[in-house]
Amino acid sequence: MLKQFEQHFKDLGYEAPTAIQTAVYDKMVGDQNVLGLAPTGSGKTVAFTLPALANLLPGDGIQLIVLEPSQELAIQPSRVMRDWAKLLDLKVAALTGGANVKRQTERLKKRPEIIVGTPGRVLNLVNDRKLKLHLISLMIVDEADDLLTGDTLDTVREIAQSMPADVQLGFFSATDTPILHELDKWFGQNVERVDVRDQDNTQGQVRHGLLQVGMNKRDQMLKRLLAIPNFRALVFFKQSSTLHKTATRFYHDHVSAAGLTSDLRQVQREKALQDFRQGRIRLLLTTDVAARGLDIPKLPAVINYDLPDKVNEYVHRVGRTGRMGEPGQVISLGDDHDLRDLKRLLKETDYELVPLYFNGRALGTERPTAAAVQANETAKAERQATAKPTATAKAKDGTKASAKVKTSGGAKPTVKVETPNPSKKKKHKNRHTKNKGMHKKWRDHDEAK
């Protein structure tokens, strides 16, 4: 590690490099192609940042490009890399979809040495001849298990073909997928595999719980969970439509929640993330695409509003909590059938799924007894009884009735109840009723003659 990095490493509070940081540093500094596999929250961004920056020269143009699957995920490593790059007088530019293209083009004129971007936007700028990659010496593909799928794989390969043939490659992922075993086939270079998932000890203690809740009761359960002191959670949905319904309902009910979806503008997404990180909102409703790779320090809980269909989806979701030694809680909501399917899906993994029960204002693993339920109901009734009664009651017929109490001496108080006066009831007349009355009046007048 460079001397400039060593002091900054200590200033940030790090005691020692993590397993992935130690395993890939010398290999990357030595220009080797690597595939780094490590759990979420194990410091992968710093793992590829330090060796990548060590080989760059200030003022020599764009030499490093880092590809990220989403705009949100590109923001995080760009900030981390800027923090370290300034120690070496290096500049970082972010090129992400959804942001202003003209502003990004202006940033390229300042000749940054490092680009962090999403594949679609990077390729568009390359095709428009606004971004030149002939000086690139290293390409990092972060969240490789996600980026190297479908059309995105073709986009990443097309970007790589615009670089020198001997460009160094780095791939990083939290989960292993079949394509990560075929990187030499797709990119024409040998890639050394570095897997530290079994050696890493950065994960804190994370409990994986199953909370039986029907679909129609899940919004109500989220509200009840907010009664737990200091509770905050990232809530995962499958469909954006379901997320929007819940977010709208919570907005009208003044629930401390916000949505984070890929169809929001960049400013809206950044505000939602910042509000959640700073505790201004307590529930962040999101999808797998929007929340991929998010780093939220000391996140207490992750909630699966909709259960995942794949093991990798579960791994990435639960990896948002319990990062860097912090404890975490995973709460999976579903009916009996849903929870059985989740157990079947994860039976080959090391996750220990435990039933959870909501009792009072806390989550526990013990089923509440009848006495405990009765005690909670009694306490709830007492709280309602001590609440200040309203001055005006509503009568059975829907009219308002006010009670007045008069006392004199030792006599018993008499209660006078005001009832509506039928004679004061307003008569509704219309034009037809009025005309009918006039016709009868003239008819009686003619008969009298």
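Predicted model: local features only at pLDDT ≥ 70, side-chain atom pairs only at ≥ 80, totals over all residues.
Is H254 buried or exposed?

Residues are numbered from 1 along each chain as its sequence is written, and side-chain values use heavy atoms, with hydrogens and water left out.

Now the answer. H254 counts as exposed, at 73% relative accessibility. The terms here are buried for under 20% relative accessible area, exposed for over 50%, and partly exposed for what falls in between, with a 1.4 Å probe and protein chains only. H254 sits in the loop between α11 and β10 (257-260). Its phi is positive, about 60°, although the residue is not a glycine.

N230 is a second case of positive phi in a residue other than glycine, with a value near 60°. N230 is placed in the loop between α10 and β9 (233-237), and at 74% relative accessibility N230 counts as exposed.

Next, the chain as a whole. The protein chain has 17 helices and 19 strands. Helices (H or I, at least four residues) and strands (E, at least two) are DSSP runs, numbered from the N terminus. Of the 449 residues in the chain, 42% are buried. The accessible surface comes to about 25,900 Å², and carbon and sulfur atoms hold 49% of that. Accessible areas come from the Shrake-Rupley method with a 1.4 Å probe, and for residues only the protein chains shown count as cover. Turning to contacts, meaning heavy atoms within 4.5 Å: among those with a separation of 6 or more, 72% are between residues 24 or more positions apart.

T155 lies in helix α8, residues 150-161, and counts as buried at 18% relative accessibility. Leaving aside residues up to four places away in sequence, T155 touches P119, G120 and L123.

On to salt bridges. Side chains of opposite charge can pair when their charged atoms come close. The rule used here asks for a side-chain nitrogen of Lys or Arg within 4 Å of a carboxyl oxygen of Asp or Glu. By this rule the count comes to 16 salt bridges. I will go through some of them.

R193 and D176 meet through their side chains at 2.2 Å, N to O. R193 is in strand β7 (residues 192-195) and D176 is in the loop between β6 (168-173) and α9 (183-187), so this pair ties together parts 17 residues apart in sequence. R193 is partly exposed, at a relative accessible area of 34%, and D176 also counts as partly exposed, at 24%.

R249 and D219 form another salt bridge, with 2.2 Å from N to O. Here R249 belongs to helix α11 (residues 240-252) and D219 to helix α10 (residues 218-225), so the pair ties together parts that are 30 residues apart in sequence. R249 is partly exposed with a relative accessible area of 40%, whereas D219 counts as buried at 10%.

D341 is partly exposed, with a relative accessible area of 30%. There is also a network of salt bridges that links R218, D306 and D338.

Last, surface patches. They are made of residues with over 30% relative accessible area and no salt bridge, with like charges joined within 9 Å and nonpolar side chains (Val, Leu, Ile, Met, Phe, Trp, Tyr) within 5 Å.

The elements giving two or more residues to the patch are α4 (71-85) and α5 (101-108). R79 lies in helix α4 and counts as exposed, at 52% relative accessibility.

The nonpolar patch to mention is made by L12, Y14 and M324 and covers about 270 Å². L12 is in the loop between α1 (3-11) and α2 (19-29), and at 38% relative accessibility L12 counts as partly exposed.
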